[in-house]
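Keep the viewer open as you read.

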Amino acid sequence: MGRTGLFDLERHFAFYGAYHSNPINIVIHMIFVWPIFFTSLVFLYFTPALYTPSFQIGLFPSGLLVLNFGFLLALIYGLFYVAFDKKAGSLAALLCFFCWVVLAAQLICWTGQFIGHGVFERRAPALLDNLLQAFLMAPFFVLLEALQSIFGYEPYPGFHSTVKAKVDKEIQEWKIKKQKKIS
């Protein structure tokens, strides 16, 4: 069931979960991570087209469906999530393409993220240790967290308990490392 390497969902989820164990911080992330991703796509929508077809696509006027960096990022994220898990990944891929959120969401959501980490988690955000992994896994992490909390969903049986053990281990290692720096 589990995969290795780039598509090792347990490893990625445990890394991300170790930075998000406080329930209030988890809720903050569930609220703000997807709008950050969506508004990033909105920003990228205004980048130049990578390809301009010479024909009109379906019912959409030319210029509306722009094949640019925003489209490319949504496509890559969507395919990456489906590769992790077909059910939750398909939902995540669908969410990638519903990016109609206002520009102000970036400021509000980033503020919420840092408050969640500084006040509730009392730990620096994961993006300070692994920028790429934090940005890539954040939307999928909060989606899986919500699906698990609300519906009891697991990509496969035992996933949650296995990841919980890895999260607990990573948090313990972080605490020991932090204590060594203080002493």
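Let's start with Asp-168, which is partly exposed at a relative accessible area of 37%; here buried means under 20%, exposed means over 50%, and partly exposed is in between, using a 1.4 Å probe and protein chains only. Before going further, note that this is a predicted model, where local features need pLDDT of at least 70, side-chain atom pairs count only at pLDDT 80 or more, and totals for chains, interfaces and linings use all residues. Residues are numbered from 1 along each chain as its sequence is written, and side-chain values use heavy atoms, with hydrogens and water left out.

**Charged pairs**

Side chains of opposite charge can pair when their charged atoms come close. Asp-168 does this with Lys-164 in a salt bridge, the term for a side-chain nitrogen of Lys or Arg within 4 Å of a carboxyl oxygen of Asp or Glu. Lys-164 is partly exposed too, at 43% relative accessibility. How many salt bridges does the structure hold? The count is 3, and they look like this:

| Salt bridge | Closest N to O distance |
|---|---|
| Asp-168 and Lys-164 | 2.8 Å |
| Glu-173 and Lys-169 | 3.8 Å |

Helices here are DSSP runs (H or I, at least four residues), numbered from the N terminus, while strands would be E runs of at least two. Lys-166 is partly exposed, with a relative accessible area of 32%, whereas Glu-10 counts as buried at 14%.

The other two pairs stay within helix H7. Asp-168 and Lys-164 are 4 residues apart there, about one turn of the helix, and Glu-173 and Lys-169 also lie 4 residues apart in H7, again about one turn. Glu-173 is partly exposed at 44% relative accessibility, while Lys-169 counts as exposed at 55%.

**Rings**

Now the aromatics. Rings of Phe, Tyr and Trp (its six-membered ring) pair if their centres lie within 6.5 Å; planes under 30 degrees apart count as stacked, over 60 as edge-to-face and the rest as tilted. By this rule the count comes to 18 aromatic pairs. One of them joins Phe-7 and Phe-80, a tilted pair at 5.4 Å centre to centre with 45° between the planes. Phe-7 lies in the segment before helix H1 (9-18) and Phe-80 in helix H3 (residues 69-84), so the pair ties together parts that are 73 residues apart in sequence. Phe-7 is partly exposed at 29% relative accessible area, but Phe-80 is buried at 10%.

Tyr-77 and Tyr-81 make an edge-to-face pair, because their ring centres are 5.7 Å apart and their planes meet at 80°. Both lie in helix H3, 4 residues apart, about one turn of the helix. Tyr-77 counts as buried at 11% relative accessibility, and Tyr-81 is buried at 0%.

Which residues do ring pairs link into a cluster? The members are Phe-7, Trp-34, Phe-37, Phe-38, Tyr-77, Phe-80, Tyr-81, Phe-84 and Phe-140.

**A charge over a ring**

Finally, Arg-123 lies over the face of Tyr-19, at 3.8 Å from the ring centre. The test here is NZ of Lys or CZ of Arg within 6 Å of the ring centre and within 35 degrees of the ring normal.
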